[in-house]
Amino acid sequence: MVVSRGPVDWKSTLNLPKTEFSMRADLARREPEWLARWAKERQYERLLETRLREEAPEYVLHDGPPYATGAIHYGTALNKVLKDIVVRSQLIMGRRAVFRPGWDCHGLPIEHQVEKNLAKDDRALDAVAFRERCQEHALKFVDVMRTEFKRLGCVGNWDDPYLTLAKDYEATIARQLAGFVDKGLVYRDKKPVHWCFVHRTALAEAEVEYDDHSSPSIYVRFPIVGDVGKADPRLRDQRAAFVIWTTTPWTLPANLAVVANPELDYVAIPRNGEYLIVAAGLAEAFLAATGIVAPQESWIPIARDGLRALEGMTYTPPFPRPTADAKRDYRLWFARHATLEAGTGLVHTAPGHGAEDYVVGREHGLEIFAPVDQHGRFTDDVAESVPNLRGMKVFDANPIIVDFLSGAGWLLNQPGEKVQHQYPQCWRCHNPIIFRATEQWFARLGEADDETSLRHRALAEIERTQWIPSWGRNRIHGMIDSRPDWCLSRQRVWGVPIPAFRCKSCGKDLLDSKVIEHVADIFAREGSNTWFSRPAAELLPSPVPTCACGGRDFDKQNDIVDVWFESGASQYSASLIGSRYSADTVIA
């Protein structure tokens with residue numbers, strides 16, 4: 001017999017846990033409720049107040065601030081969550097964990113964004129109006145990013161962040177600069193620096209990226225003036241030339257010297273009644289690159305003593321300057337940066353367009369000559385022998401220079417040859433940059449073995465610091481040990497001005513710690529916009545300083561300080577990071 005049964009409720013046969021959680025997240029409705037509850041309960045603030053009453057040990061995490069240029073992204077989100085983990089873990093361990101978030105509000109990234117958003121009619125804004133636009137942009141994205149960080153659940157004093165555009169912060173920056181000046185660490189000089197001619201400013205090393213780039217590859221002969229027989233008797237009364245290789249033809253109009261390495265072997269290779277001098281270790285590669293045929297038995301080896309005998313030997317440059325110094329310019333000198341890595345072992349040297357070139361120029365009293373303006377165009381100082389270069393952008397001039405060298409017999413390889421290599425570019429606009437000598441303010445780092453120098457002190461602090469991961473120590477130690485003096489100045493307007501003046505009578509710079517302290521007091525009351533809105537007379541203290549020439553009438557200078565200096569100044573204002581000058585942990 002078949003018994004008919006109704007449907008079985010299998011669900012009732014299972015022992016399932018019961019929960020009040022909704023089956024749907026419903027985040028669009030619930031997230032605002034969570035945020036409102038967190039704001040109302042003030043758990044972090046109340047916990048800090050309790051720990052303060054309990055006299056709990058304090059722990060300060062210093063926030064390496066993000067740029068206020070847009071919404072948060074994976075990098076900024078990860079960074080802030082890592083900081084939140086540190087803060088919360090210290091709270092769990094019973095400490096009063098202080099975290100005051102901050103934002104970098106000055107600098108080129110914000111200027112770049114504002115410039116992109118400006119209408120055509122607004123491109124002629126004066127400095128004050130443009131700075132106001134930059135401030136609006138920065139504060140807008142401070143609010144955007146703060147809201148988004150709160151949504152991540154990160155704790156902190158979100159209603160009281162530190163901002164580099166705040167008046168007290170700007171005053172702190174100026175006062176720290178005054179401290180550098182008071183210790184004799186700041187000087188002005190004309191040196192080659194990374195220069196972006198799109199943004200018309202010097203760049204810090206951290207603002208430079210490298211990418212593949214195609215550059216001209218040229219071998220150029222520089223005919224030697226005089227008898228090279230003192231290098232080897234077989235060369236007596238023979239025509240000879242130094243051979244250089246370069247990927248920057250546009251720097252040849254600024255050439256003032258050729259450099260050889262006294263520790264390398266050189267040879268003289270015959271070609272068309274002239275001996276071409278190159279490093280022995282690169283001779284085969286040179287012949288292959290130029291197509292010159294010269295059997296090795298025809299080469300004349302030059303002994304190292306013979307090479308040294310050529311020091312100071314004059315040559316004829318392809319672009320001689322009318323104002324050249326006959327006693328110093330266009331001579332052979334020695335330095336160890338001429339290597340066998342590439343080229344000919346002889347380096348074309350333009351003191352205004354290279355760091356090592358600059359050192360050679362200083363050692364031998366050469367002019368730091370750079371006939372290129374802020375837009376990357378040749379000035380009227382370029383050699384008159386090629387007048388059509390004037391006003392031309394340097395990269396556009398490369399093929400014209402190569403064609404000129406080829407037509408005049410200077411070029412040894414075929415025009416149009418290229419080399420693919422890593423080349424520096426601006427981190428914001430991603431355009432190639434140049435080395436260009438300009439007047440800048442520098443911080444003197446000094447020698448590592450000088451206990452009073454900034455470099456020595458920085459290296460000592462690196463040794464005292466615990467680095468996570470440990471390899472970070474080697475990386476930063478190497479950077480500080482070898483880096484050149486710090487270029488502090490930038491040719492932009494959105495930042496804290498360097499309170500420097502210039503005497504109208506003699507042109508001498510005035511950068512005085514007491515004057516800077518006076519300007520810092522003005523910044524603390526009114527903000528740094530006053531530098532751009534007031535005349536110099538209203539920014540100088542009373543009585544007005546007297547220049548060495550007796551003049552008391554000054555102009556303002558227009559450089560701003562590097563934003564990395566701004567970031568470094570944060571620890572010196574107790575109100576910025578907590579109740580003391582140093583932090584227990586810094587996460588950049």
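Biologist: How many salt bridges does the structure hold, and what makes a contact one of them?

Modeller: The structure holds 38 salt bridges, a salt bridge being a side-chain nitrogen of Lys or Arg within 4 Å of a carboxyl oxygen of Asp or Glu. This is a predicted model, in which local features need pLDDT of at least 70 and side-chain atom pairs count only at pLDDT 80 or more, while totals for chains, interfaces and linings use all residues. Residues are numbered from 1 along each chain as its sequence is written, and side-chain values use heavy atoms, with hydrogens and water left out.

Biologist: Why is the contact of D84 and R88 called a salt bridge?

Modeller: The side chains of D84 and R88 meet at 2.6 Å, N to O, and because the cut-off is 4 Å, the pair counts as a salt bridge. Both residues lie in helix α3 (residues 74–92), four residues apart, about one turn of the helix; helices are DSSP runs of H or I with at least four residues, strands are runs of E with at least two, and both are numbered from the N terminus.

Biologist: Why is D84 called buried, and what is R88 called?

Modeller: Buried means under 20% relative accessible area, exposed over 50%, and partly exposed in between, with a 1.4 Å probe and protein chains only. D84 has 10%, so D84 is buried, whereas R88, at 37%, counts as partly exposed.

Biologist: How do you know that D143 and R146 form a salt bridge, and which class does each residue fall in?

Modeller: Their side chains meet at 2.4 Å, N to O, which is within the 4 Å limit, and therefore the pair is a salt bridge. D143 and R146 lie three residues apart in helix α5 (residues 127–151), about one turn of the helix. R146, with 18%, is buried, while D143, with 42%, is partly exposed.

Biologist: What makes R42 and E49 a salt bridge, and are the two residues buried or partly exposed?

Modeller: The N to O distance is 3.3 Å, so the pair meets the definition. R42, with a relative accessible area of 34%, is partly exposed, and E49, with 37%, is partly exposed.

Biologist: Which residues are linked in a network of salt bridges?

Modeller: The network links R188, E439, R502, D509 and D559.

Biologist: Why is L52 called exposed?

Modeller: L52, which is found in helix α2 (residues 43–53), has 53% relative accessibility, and because the limit for exposed is over 50%, L52 counts as exposed.
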